[in-house]
Structure formats: C-alpha cells, structure tokens
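This report covers helix geometry, packing and aromatic contacts. Please keep the structure open while reading.

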Amino acid sequence: MHTEQHPALAAAAEGPAAYRQYARQWLRSHLPEHMRADSLDYRAPTLDECRAWEASMYEAGLAGMTWPTAYGGMGLTLREHLIVNKEVGALLMPESVSSIGKELAGPIIQTVGTEEQKQQFLPRILAMHDYWCQGFSEPDAGSDLARLRTKAVPEGDAWRINGQKIWTSGAAKAHYCLLLTRTGTVADKHRGLLMFAVPMDTPGIRVVPIKSIDGKESFAEVFFDNVVVPDSARLGAPDEGWNAAIRVLSIERATNRMYRAWRFEAELRHLVAACKSDPALAKLLDDGHHQRRIGEVLGQIDALKGLVEHTVDQMTAGARIGARGSLTKLFWSECHQAFMGLALSLVSQVTPRSSPQARRARKAFANAYLYARAETIYAGTTEVQLDIIAQRIMDLPKDLA
C-alpha cells in the first residue's frame with residue numbers, strides 16, 4: 001500500500017476528530033449488512049469474505065496503524081490505533097481472521113526479527129496474504145510456559161523440532177506458526193526457550209481439529225514430528241524465547257483488540273433493542289433485577305474503557321506496560337463473561353412467537369455465551385492473571401499470593 005497522500009494519513013494530520021470521522025464514515029459505508037451481527041440480514045461470513053473485508057480495511061488505512069511504513073504500515077501512533085478500534089467496536093462486525101498475525105506475530109517480528117524477516121513477513125500479514133497461528137500451549141503447559149516440552153535441536157544450519165501443541169486457534173488455515181520451543185530440558189524452566197516462524201506446510205506437521213462446545217472447529221492439536229526448519233526461521237537468539245514470549249503475552253493482554261469495551265457496549269445496545277422489539281421481553285427490562293444487572297454491566301464497560309485509555313496514555317508517554325497487561329485481560333474477560341450470563345437469561349425467554357429481532361438475538365447471544373466461557377481461560381487463565389498481579393504488581397510473597 002502506498003502511504004503517500006493516503007486519505008487516512010491526511011485525516012490523521014488534521015487531528016483526532018477528522019481521523020475519527022474518516023474511520024467512522026468509511027467503516028459504516030463499506031461494511032456489508034450481512035456481516036453486522038445486529039442485522040436481520042446477518043449470516044456467518046466465509047473465510048474469503050472476511051479476508052476480503054480486512055484487506056479492504058487495510059487499503060483504506062484502517063489496519064497496521066502503528067506499524068512502520070517500511071513494512072506496509074501507516075506509521076501512526078497508539079492514539080490513532082485506539083481511535084480506529086473504538087469505531088470498529090461500535091459496529092458488530094466479525095472478529096479478525098488474522099488476529100494472531102496482526103496482534104502477536106507482527107509485533108514480535110518487529111521486535112526480535114531480522115530485517116529480512118520483517119520485509120518477508122510483515123507486509124504480507126497486513127495485506128491478508130498470510131495467516132498465522134500461535135504454538136504456545138501444550139497438553140501439560142497451558143498457561144505455564146515454564147513447563148513447555150516441545151524440543152528444538154540444532155543440526156548444522158537447521159533445527160529439528162519434536163513436540164505437540166494444543167488449543168492452537170486457526171491452525172487449519174494458517175500459513176505460518178509462531179512456535180515456542182525448548183532447546184534444553186524442562187528443568188531449565190524459563191531458560192533455553194526459542195521462537196520460530198514455521199511454515200505450516202513443512203513436512204512432519206500434522207493438524208488435528210478440536211470441536212468446541214459451540215460446534216466449531218477453530219482449535220486444533222498440532223504435532224511436530226521431526227520437523228526440520230532452517231536457522232533463518234529462528235526469531236531472536238536461542239535464549240531469547242522467554243523474553244519474547246512474555247512480550248507477546250503482555251502485548252496480547254494489554255493492547256490487542258482494544259475495541260472490546262466498545263464492542264461490549266454495542267452488544268448491550270443490540271440486546272436492549274432486541275428486548276424492546278418484543279412486548280414480553282420489554283417487560284423484563286422494567287424489572288428492577290434486570291435493570292440493576294444492566295446498570296452493573298454498563299458501569300463495568302465504562303471502567304474498561306477508562307483502563308484502556310489510561311493504558312494508551314501510559315504507553316504513548318513511553319511506559320512499558322509489562323505485568324499490568326494482566327489487569328486488562330482479567331477485567332475484560334470477567335466483565336464479558338458476566339454480561340453474557342445476563343444476556344442469556346434474557347434471550348432464553350424468547351419463543352417462536354417472539355419478534356424477528358428477538359429470535360435473531362437469541363441465536364447470537366446463545367453462541368456468544370458459549371464462547372465467553374473460554375474467555376477466562378485463553379490468553380492466560382484468571383488464576384494466572386491473579387498470580388501475576390499479586391507477585392509482579394503488588395510484590396506479594398509467593399506463599400501469600
């Protein structure tokens with residue numbers, strides 16, 4: 001994408017208000033109606049439709065806002081990134097089908113990758129040419145990376161990898177895996193961890209889909225049986241994997257999908273509108289119990305907005321967010337899980353005689369409720385986040401944490 005004279009950059013140069021207006025107008029005028037979850041015309045978009053939509057967002061300058069222009073980005077700041085995320089959140093559009101590449105692999109490659117790797121991978125991620133998956137979790141090492149067992153052994157100018165990953169999102173469609181391995185023994189814990197960018201068509205890689213509670217197969221087990229990759233696939237130094245992994249997780253927990261609070265607000269508007277469209281459900285909104293619960297959700301959403309905006313202010317001022325990313329992850333996952341419990345209690349009252357909007361909402365929020373059950377597990381469980389907060393933020397001793 002050529003950034004010279006790009007309308008997104010011109011709007012950004014005019015200031016936040018002009019940039020926000022540009023993002024809002026473009027998104028609302030280009031998002032297909034059938035891709036809006038609150039529309040009666042909604043249908044689950046195909047992978048190709050999502051890819052085309054995200055590619056068009058990139059061409060419009062609404063992806064890769066903070067990535068350097070040398071690698072296909074817009075060269076803007078986290079403030080512009082947040083502005084776009086607010087507008088993305090306000091529309092109930094599909095989640096990105098390339099979140100691992102854009103939010104995890106891309107930032108890591110920018111941090112520890114060679115110049116050749118940056119030129120090879122980054123523009124293709126933004127242009128939606130390559131999908132990535134994240135090979136971190138293992139059967140005996142989910143949120144505890146110190147127990148990771150997948151082994152990488154040097155062989156001349158190559159590495160031989162053996163091991164297994166689990167809960168690998170998007171592995172079936174991915175072109176590359178952001179793979180964390182161990183060069184020593186499990187007793188080394190945080191030492192001797194090494195990260196690779198592994199092509200998923202490399203001989204010896206086997207993907208076995210996992211069906212989740214919502215009937216989808218977005219997760220998978222991935223087996224690495226004598227997988228040989230060149231040393232050029234290595235991301236960072238042989239003992240740099242732990243620091244790189246921690247950076248991935250802090251990025252994931254603090255800055256990824258900053259639109260969540262605004263997405264939750266849009267979901268709440270959708271829920272309330274659907275209930276108001278049906279006389280029987282509308283009566284529930286007048287009930288004191290439901291009004292209190294809706295008020296609690298709205299208060300939590302506002303608090304999450306404040307936390308996100310404070311994080312952007314801190315990072316823009318040069319602060320490293322580090323362990324404080326766990327505060328954001330803990331809060332949004334617990335908040336949304338509770339919200340979906342409320343949503344389910346309301347839409348469970350929908351009958352075949354209810355309004356079309358209410359029937360559509362029942363399907364949407366029933367699926368969202370099931371997905372939300374995993375939100376306190378993926379990207380680090382609630383228990384792990386509490387440990388991090390206790391030990392690394394509050395500096396409590398381990399026997400009290």
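Predicted model: local features only at pLDDT ≥ 70, side-chain atom pairs only at ≥ 80, totals over all residues.

H5 runs over residues 99–112. At 1.5 Å a residue it should span 20 Å, and its end C-alpha atoms are 19 Å apart, which agrees. The helix bends by about 35° at Ala105. A proline, Pro107, follows within four residues.

## Helix H10: span and ends

H10 covers residues 288–316. Its 29 residues should span 42 Å at 1.5 Å a residue; the end C-alpha atoms are 42 Å apart, in agreement. Buried residues in H10 are His290, Ile294, Val297, Ile301, Leu304, Lys305, Val308, Thr311 and Val312. An α-helix has 3.6 residues a turn, so residues three or four places apart point the same way.

Asp287 caps the N-terminal end of H10. One of its side-chain oxygens lies 2.9 Å from the backbone nitrogen of His289. Just after H10, Gly318 takes a positive phi of about 100°.

## Nonpolar cores

The largest nonpolar core has 32 residues. Leu271, Met340 and Phe365 have the most contacts inside it. Elements giving two or more residues to this core are H4 (78–90), H8 (260–276), H9 (279–285), H10, H11 (325–347) and H12 (356–372). H11 supplies the largest share, eight residues.

Leaving aside residues up to four places away in sequence, Met340 touches Glu267, Phe365, Ala368, Tyr369 and Ala372.

## Aromatic cluster

How many aromatic pairs does a search of the whole structure find? There are six. In one, the rings of Phe121 and Trp132 have centres 5.3 Å apart and planes at 80°, so the pair is edge-to-face. Phe121 is in helix H6 (residues 115–126) and Trp132 in strand S1 (residues 132–135), 11 residues apart.

Phe121 also pairs edge-to-face with Tyr176, at 5.1 Å centre to centre and 80° between the planes. Tyr176 lies in strand S4 (residues 176–182), so this pair ties H6 to a part 55 residues apart in sequence. Ring pairs link Phe121, Trp132 and Tyr176 into a cluster. Phe121 is buried at 4% relative accessibility, Trp132 is buried at 4%, and Tyr176 counts as buried at 15%.

Terms used:
Residues numbered from 1 in each chain as written. Heavy atoms only, no water. Expected span 1.5 Å × (residues − 1). Bend = angle between axes of the 7 residues up to and from the residue. Buried < 20%, exposed > 50% of the residue type's maximum accessible area, 1.4 Å probe, protein only. Polar contact = N/O pair within 3.5 Å; in protein donor to acceptor, adjacent residues only side chain to side chain. Core = buried A, V, L, I, M, F, W, Y, C linked by side-chain atoms within 4.5 Å. Contact = heavy atoms within 4.5 Å. Phe/Tyr/Trp six-rings, centres within 6.5 Å; stacked < 30°, edge-to-face > 60°.
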